[in-house]
Amino acid sequence: MGKIPEKWLVVIAVLLGTFTIVLNNSMLNPAVPHFMELFDADAVAAGWVITIFMVTMGMTMPLTGYLGDKFGKKQLFMSGLAVFLLGSILGSLAWNLPSLIFFRGLQGVGGGVMMPLSLALIFSVFPRNERGVAMGVWGIAAMMAPTIGPTLGGLIIELGTWQWLFLSNLPSGILGLVFSYFYLKQTDTVKDIRFDRWGFLTVTLGVGAVLLALGRMSELSQLYNPVNLVLIVFGAAALIIFVKIENRVGHPLLDLSVFRAKAYSYSVWVAMISSISLFGGIFLIPLLIQTVYGMGAIMTGLTFLPAALLAGIFMTIGGRMLDKRGPALTVTLGLSIMALGTAALGFMTLETSIWTIIIFNALRGVGMGLSQMPATTAGMNAIPEDLVSRGSAMNNVFRQMSSALGIVFVSIYFEVRRGQIFAGNGGAIEDATLTAINEGFLIIAFLCIISIPAGLLLGREHRKQEAVRQEEEENEEEAEAR
């Protein structure tokens, strides 16, 4: 270990923890039908195993900026990972569905603490001109885990017992704790910081209500469910009140001033579109392969594997390009490639080969690798160093909500359009399913296309900031020379 620079050991420590969380969450998706049978529950009740994690994670994220300043980022990151591992152990011992859901919520609390801190811990040890590569390496966990997780989860359910879905977290999680203890850097604490209790209350209720409503929706009838409508309205109202509170208090829970940095705002938009594209694809491609082409879950997993590998490789390449050339070329090129690959998947036919789908999905992986993490890094570089943890929390909250929104929109659109096409044409259900999937991909591609200017605008803001920073450095050098 002595030959590895300490700053890269920090990346490894953070990556181990992050990968454990994201992989576990995606591994549980294919296990929902198994939990329905095991606990004699309906789809809504068993779906809470997925929903509760998303909700508690989203509700915890806004707290990380305050807690990191209060107690130190290293201690908080390790505490979050420990809570997640505790939830994993208890989850493997769950005796009924309510207990399993409760322990999954505990996992979500740990994950909500860790995810925003990951960026802040990496930024604390890397200079601005090296953060692109570092974030590219870390981003491998964020991109690869959601795509390989469902396949691993399916294999565990078929070949083993469901308890291993939780126990499999322990090796990488414990290793992450060891690395964190030895290699994460202590950060300064803020002595006179005050807790924004009203901001905490409103953002927790707002984010929780919105994510809860989105997690309850998978078909059109649920969109009109009175409970879901009340949750959406209540959550939106709470978030509006939260924004007003944060603009007035002296020590805001989430400092909204980060949005004054235009580069940060553009980066959040790119992150949201990338999340919608990623999770929209995770929903549509299994339907395409299994429902239309009649292939199994293993082939579905293999379809995602090249995209995951290329996303990881091109995150590193994109990070290097960002450090050398800035975000304009990298992010714009990534969004364009992502739009191209997604649009191509919108023209599948019943005769399309599986290799064609794999190639176009891999192209999407290249685009995501070039756009998502470089955009996030450029945006985080644009805000003051002392606001990085709060900016990271905000970025993660928006990403979490857009992921949920993307899945809800795509699933409801698919259900409605398939029904309309099947009723109108009276053909085979496979034809209606394929047409609805194609349209879903074209809608996602359109979102990618209209987001391409965000890459150019991000590059323009980056150049402005670099010019200002260079001028400040020259002034400092002149002052020292005098």
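Is K185 buried, partly exposed or exposed? In this predicted model, local features require a pLDDT of at least 70 and side-chain atom pairs count only at pLDDT 80 or more, whereas totals for chains, interfaces and linings use all residues. Residues are numbered from 1 along each chain as its sequence is written, and side-chain values use heavy atoms, with hydrogens and water left out. K185 has a relative accessible area of 34% and is therefore partly exposed; buried denotes under 20%, exposed over 50%, and partly exposed the range in between (1.4 Å probe, protein chains only).

The structure contains 6 salt bridges, each defined as a side-chain nitrogen of Lys or Arg within 4 Å of a carboxyl oxygen of Asp or Glu. One of them joins the side chains of K185 and E6, at 2.5 Å from N to O. Because K185 belongs to the loop between helix 9 (169-183) and helix 10 (197-215) and E6 to helix 1 (residues 6-27), this pair ties together parts 179 residues apart in sequence. Helices are DSSP runs (H or I, at least four residues), numbered from the N terminus.

A salt bridge is also formed by R417 and E439 (2.7 Å, N to O). R417 lies in helix 17 and E439 in helix 18 (residues 429-481), so parts 22 residues apart in sequence are tied together. R417 is partly exposed at 22% relative accessibility, while E439, at 19%, is buried. The side chains of E461 and R460 meet at 3.9 Å, N to O; E461 is buried at 8% relative accessibility and R460 partly exposed at 37%. Salt bridges with shared partners link R460, E461 and K464 into one network.

Helix 17 (residues 388-425) packs against helix 16 (residues 354-381) at an angle of about 145°, with the axes 10 Å apart. Axes are lines fitted to C-alpha atoms over the stretch in contact, and angles run from 0 to 180 degrees between N-to-C directions. Contact (heavy atoms within 4.5 Å) involves Q372, M373, T376 and M380 of helix 16 and V388, G391, S392, N395 and R399 of helix 17.

A nonpolar surface patch of about 620 Å² comprises L152, L155, L159, I298, L302, L305 and L309. Patch residues have over 30% relative accessible area and no salt bridge, with nonpolar side chains (Val, Leu, Ile, Met, Phe, Trp, Tyr) joined within 5 Å. Helix 7 (131-159) and helix 14 (297-325) each give two or more residues to the patch, and helix 14 gives the most, with 4 residues. L305, found in helix 14, is partly exposed at 34% relative accessibility.

Note on methods: Patch = residues over 30% accessible without salt bridge, like charges linked within 9 Å, V, L, I, M, F, W, Y side chains within 5 Å. Areas by Shrake-Rupley, 256 points an atom, 1.4 Å probe, with all protein chains shown as cover.
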